[in-house]
Amino acid sequence: MKKTGAEIMWECVVREGVEVVFGYPGGANMPIYDAMLSYPIHHVLVRHEQGGAHMADGYARASGRVGVAMATSGPGATNLITGIATAMMDSVPVVFITGQVAAHLIGGDAFQEVDVTGITLPITKHNYLITRADEIAEVVREAFYIARSGRPGPVLIDICKNAQVEQCEFVYPEEVKLAGYKPVAHAQKDLLDHAVKLIEKAQRPIILCGHGVLASKAEEILMNFAVKTQTPVASTLLGLGAFPASHDLSLGMMGMHGEVHTNMAIQNSDLILAFGMRFDDRVTGTLKTYAPRAKKIHIEIDPSEVHKNVAVDVPLVGDLKTILTDLVPMVDEYDHDEWLKEISDWKAEADTRDIMNWPDDGKLYVPHLISDIWKATGGGAIMTTDVGQHQMWTAQYYALDKPNRWLTSGGAGTMGFGLPSAIGAWFAHKDQEIWAIAGDGGFQMTAAELTTAVQEQANVKVAIMNNSFLGMVRQWQEFFFEKRYSAVNMLSPDFVKLAEAHGVPARRVTKREEVDEAIAWARSITGPTVIEFRVEQEDAVYPMVPAGAALDHMLQRPAKA
Amino acid sequence: MLYTFIALVENKPGVLNRVASLFRRRNFNIESLAVGRTEKPEISRMTVVVDCPNGDYDAHKIEANLYKLVNVIDVQDVTHQPSVTRDLALIKVMVGPEKRAEVNSLAEIFRARIVDVAADSVIVEITGTEDKIEGMIELLRPTGIVEMVRTGQVSMTRGVNDGVRRVQQGAVGNRYENEYEDMAEMAP
């Protein structure tokens, strides 16, 4: 049966199980929007394409499915770029569909023409330019497959307007045939044997749990492995939630703002088991002194990550869940009581510097607020953040026991991610509580999406941690630039009025005793709410490994006088 | 040092751009890149010569990153493999009739050919290894080279020997498995 290119696109998208797309129409994708009306798709009209990209990203992270964002050609597509790069850096499966000028106009600087496939080449897992309708079915099928398989990532499809309106025979490609793309599942047997020997010898092993554990849905087998071998589990920023924070073997977050005892454990370990993580500079500190006595086993789906930053002893390339499932029966049960005791001693010492263990001085500190939200929500909410101090504090103090509830821009560090990703997550889990923690800076980057939240009645709770500074930059200027504050004083609008102008109920909290009541108020409302917390202006995130320092050289919160 | 890779890629629009962009993005310096069709119309073959200051460590990185490209089917490193390597140059030399014989005899020594003769210039075509072509250029230079073009190196391994594949369709290992300890030493 003959169909238009736009219809074929939707036929294929619907077959991928897509129910919601986030987008913005324009000249070059109008046929797609017209055809959409005939398909069971809920379209979310965003206020800026970047917001749409983050929503699709948040939807994908929270649901484990492929997110879809759409934009028109030219500026519509370029507005997606930050969102595409964000998804790329964090390996999130999102398919971006952009309109493009008609094929015969390409290269002629037509109205709203931008070389989108050229621009997005380095920030997509793969991309396509479609000039004919008969290419669409195969490409859409491939795009979804590539986005969600192997190491997931964003795929962009740029569809010329003529291809959207042309008609051709629609045949759904049942199979995907890609000569150069075959993600592997199992690791080689001899390398597994070698890994088993290293595990057997280890006295001070540690698991570094990364985002790959979530991407591979390997949480359960990770638990089996950790318990069987009694190996403590440290997590990267994006790996949080993959291993329950309340478990005895959980060490919490590693890295620049990781826990002291966690970083100490890494530096003193004799075996690192890196599971689905990529030794980013934010988790290693300087590589010269990184885990100097540790043998390293790296389970990773992307061979280009193996040996990239840290040369490893045993590379196990493949799907983490598959490899761990192969590995668990091969290893014996061990106990590492002495090692665990050593780590807990470090922890006890570090805890004295934790602001949570200090007497309340009545001021509003973000760690306390995150902890209060954690208590009120029973630790079970989906948490999204922007980037900066509040992000690190949320990572530190919102202890997660369940996976896929922690949505933050890790690799790219994209400000403005919090609110839109929360809206996207809501479409994945309308029954769950969702909090977007934002800073005063980041919130203003995508605040326009408040209206999107109202239009969709998305039940997201926004908490703005307003310290009237770009807090993390201020902290660096305080620590490393002799407190010469440059461009970090931030004037903000009246967030309560701003929210109310969008039709969002809002409150301002300035005192410690108002906190619990405000959180309860927000939770009692169905639909978006905003709370602005006027927090301590010059607090700093501790512990901190200064850039370029060794991982165990951490700045800790100064002891209270 | 210079490494030579052979990559089989899908013969599709934009694939050359993807490969070139990858090298730029990952900060590798291409010395030469030659691409053309193969006996299978759907597959193109690239010979890429790349500067690898960290030796095998960089070579691994290049292979692994090439596989990240969906259109790349196979990558092998033929640097240390017995192989036939050729480059082709066309060199236009400023030479009048009186000195043509001199250029001609020089060309014969190098098994080069004069493929075009004009009133005051000739075009010399030479095929061979990098060294041989460089040698010819040096000798022609005093005569007066006005224009030169080279195709870049193409390589093919001898006999049934393939090059080294450190990464095969995603798997780090195979011939590489006994080398991982050395790898730890090589990381910068």
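Between which strand and which helix of chain A does the loop with A:Phe279 lie? The loop runs between strand E12 (271–275) and helix H13 (281–284) of chain A; helices (H or I, at least four residues) and strands (E, at least two) are DSSP runs, numbered from the N terminus.

This is a predicted model, in which local features need pLDDT of at least 70, side-chain atom pairs count only at pLDDT 80 or more, and totals for chains, interfaces and linings use all residues. Residues are numbered from 1 along each chain as its sequence is written, while chains are lettered from A and ligands numbered from 1 in the order in which they are written.

**View 1. Two residues with positive phi.** Phi of A:Phe279 is near 50°, a positive value in a residue other than glycine. A:Phe279 is buried, with 26 other C-beta atoms within 10 Å. B:Asn27, also not a glycine, has a positive phi of about 65°. B:Asn27 sits in the loop between helix H1 (15–25) and strand E2 (29–37) of chain B and is exposed, with 7 other C-beta atoms within 10 Å. A residue counts as buried if 20 or more other C-beta atoms lie within 10 Å of its own, as exposed if 12 or fewer, and as partly exposed in between, with C-beta atoms placed from the backbone.

**View 2. The largest nonpolar core.** This core has 198 residues, and A:Ala69, A:Val95, A:Leu208, A:Leu222 and A:Phe275 have the most contacts inside it. Such a core is a set of buried Ala, Val, Leu, Ile, Met, Phe, Trp, Tyr and Cys residues joined through C-beta atoms within 7 Å. A second, separate core of eleven residues includes B:Val93, B:Ala112, B:Ile126 and B:Met136.

**View 3. An open sheet in chain A.** Six strands form this sheet in the order E3-E2-E4-E5-E7-E6, with parallel pairing; two strands pair if DSSP finds at least two bridges between them. Strand E3 (42–45) and strand E6 (126–130) of chain A stand at the edges with a single partner strand each, so one side of each is left without a neighbour in the sheet. Strand E4 (residues 67–71) and strand E5 (residues 94–100) of chain A run parallel and are joined by five bridges. A:Ala69 stands opposite A:Phe96 in E5(A).

**View 4. A cis peptide bond.** The bond from A:Tyr542 to A:Pro543 is cis, with omega near -10°. A:Pro543 is found in the segment after strand E20 (529–534) of chain A.
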